[in-house]
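Dear colleague,

Please find the structure below, handed over for your study.

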Amino acid sequence: VTSVVPMDEVPARFGSFLAFDFGLKRTGVAVGNRLMRSATPQPTIRAEGDARWPLVQARIQEWQPDALVVGVPYHPDGAAHDNTRRALKFGRQLRARFGLPVYEVDERYSTTEAHAQGARDADAAAAIIILAQFLRGLP
């Protein structure tokens with residue numbers, strides 16, 4: 001898992017992050033911070049389309065993150081697919097709606113890894129994996 005934005009470009013003052021594993025029907029959420037370099041699951045957002053935004057807004061208001069992290073899926077060979085485009089659009093919408101920096105992370109295999117770990121909520125577990133990888137990559 002690699003970040004689209006170079007890790008050395010994440011300002012040191014950014015300490016808290018909210019991560020999303022975007023899906024059409026469910027969006028996994030995790031919160032974490034730079035100091036502990038750890039991520040904690042949050043309840044998965046179970047909503048589609050515009051119904052998701054009030055729930056996303058509530059999480060952002062609750063946690064007051066410095067920045068957001070969005071997992072972007074790709075095929076194993078790195079090629080984009082429909083969900084790649086959807087996740088990138090979700091990231092652009094987050095940036096536009098909430099005015100927070102959004103970091104995109106290549107999240108190939110995060111859901112597969114979550115299932116392999118026996119996660120009860122694979123969406124939240126995938127968000128943890130995405131955010132933990134992001135945090136480990138920070139200087």
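How much space lies in the largest pocket? The answer is about 360 Å³. This is a predicted model, in which local features need pLDDT of at least 70 and side-chain atom pairs count only at pLDDT 80 or more, while totals for chains, interfaces and linings use all residues. Residues are numbered from 1 along each chain as its sequence is written, and side-chain values use heavy atoms, with hydrogens and water left out.

Pockets

On a 1 Å grid over the protein atoms alone, a pocket is an open set of points where a 1.4 Å probe fits, with protein on both sides within 12 Å along at least five of seven lines; lining residues have an atom within 4 Å of a point. Grid points are joined across faces, edges and corners, and a volume is the space filled by probe spheres set on the points.

The largest pocket, with its space of about 360 Å³, is lined by 20 residues, of which Asp21, Pro73, Asn83, Glu107 and Thr111 are the closest to its centre. Helices α2 (82–98) and α3 (110–116) each supply at least two residues of this lining; helices (H or I, at least four residues) and strands (E, at least two) are DSSP runs, numbered from the N terminus. The lining has seven nonpolar, seven polar and six charged residues, where Ala, Val, Leu, Ile, Met, Phe, Trp, Tyr, Cys and Pro count as nonpolar, Asp, Glu, Lys and Arg as charged, and the others, Gly among them, as polar.

The second largest pocket holds about 160 Å³ of space. Its lining includes Phe22, Leu24, Trp53 and Arg86. Helices α1 (52–63) and α2 each give two or more residues to it, and α2 provides the largest share, four residues. By class, four lining residues are nonpolar, two polar and four charged.

The sheet

Five strands form an open sheet with mixed pairing, in the order β3-β2-β1-β4-β5; two strands pair if DSSP finds at least two bridges between them. Strands β3 (38–46) and β5 (102–106) stand at the edges with a single partner each, so one side of each has no neighbour in the sheet. From one strand to the next, the twist averages 25°.

Strand β2 (residues 26–33) runs antiparallel to β3, and seven bridges join them. Thr27 has Ile45 as its bridge partner in β3, and Asn33 stands opposite Ser38. Four residues lie between the strands of this hairpin, where Arg37 takes a positive phi near 50°.

Helix packing

Helix α4 (residues 122–136) packs on the sheet and touches β1, β2, β3, β4 and β5, contact meaning heavy atoms within 4.5 Å. Helices α1 and α2 pack at an angle of about 60°, with their axes 12 Å apart; axes are lines fitted to C-alpha atoms, for helices over the stretch in contact, and angles run from 0 to 180 degrees between N-to-C directions. Among the residues that meet there are Trp53 and Ile60 in α1 and Phe90 and Leu94 in α2. The residues of this contact divide into six nonpolar, two polar and two charged.

Yours sincerely
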